[in-house]
Amino acid sequence: TAAGIMVFADSKVPDNCCIKNITIEDNIIEVPYTAHGIYVRNVNGLRIARNKIISQDKPIFVSVCENVSIEE
């Protein structure tokens, strides 16, 4: 689950996924409960940069993605 941004496609293989080339940047996300600030699954081409996330859980969760760049 995510309290801030969630990008999710119902696909087991990101090559066959319709979600491509996503950029998530310059966000401020405060999570008041146990959840991720950003949750991304099944994306081909993902860039996450310069986000400030305050979370009790892992701030960024990425699963089954290809071509991922995460910058703090």
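## Terms and model

A residue is buried under 20% relative accessible area, exposed over 50%, and partly exposed in between (1.4 Å probe, protein chains only). Strands (E, at least two residues) and helices (H or I, at least four) are DSSP runs, numbered from the N terminus.

This is a predicted model: local features need pLDDT of at least 70, side-chain atom pairs count only at pLDDT 80 or more, and totals for chains, interfaces and linings use all residues. Residues are numbered from 1 along each chain as its sequence is written, and side-chain values use heavy atoms, with hydrogens and water left out.

## Overall fold

The protein chain has eight strands and zero helices. In sequence order the pattern is β-β-β-β-β-β-β-β. Its radius of gyration is 12 Å, close to the 11 Å from the globule rule for 72 residues, so the chain is as compact as a globular protein of that length. The radius is taken over C-alpha atoms, and the rule is 2.2 Å times the number of residues to the power 0.38.

The C-alpha trace spans about 35 × 20 × 15 Å along its principal axes. Of the 72 residues, 38% count as buried. A contact means heavy atoms within 4.5 Å. Among contacts between residues at least 6 apart in sequence, 45% join residues at least 24 apart.

## Strand S5 and its partners

Strand S5 covers residues 44–49, and five of its six residues are buried. Two strands pair if DSSP finds at least two bridges between them. S5 pairs with S2 (residues 20–25) in the parallel sense, over five bridges. Here Ile-22 stands opposite Leu-46 of S5.

S5 also runs parallel to S8 (residues 66–71), joined by five bridges. Ala-49 has Glu-71 in S8 as its bridge partner.

Rings of Phe, Tyr and Trp (its six-membered ring) pair if their centres lie within 6.5 Å; planes under 30 degrees apart count as stacked, over 60 as edge-to-face, and the rest as tilted. The count is two aromatic pairs. Phe-8 and Tyr-39 form a tilted pair, 6.4 Å centre to centre with 35 degrees between the planes. Phe-8 lies in S1 (residues 2–8) and Tyr-39 in S4 (residues 36–41), so this pair ties together parts 31 residues apart in sequence. Phe-8 is partly exposed at 39% relative accessible area, whereas Tyr-39 is buried at 13%.

Tyr-39 and Phe-61 form a stacked pair, 5.2 Å centre to centre with 15 degrees between the planes. Phe-61 sits in S7 (residues 60–63), 22 residues from Tyr-39. Phe-61 is partly exposed, at 27%.
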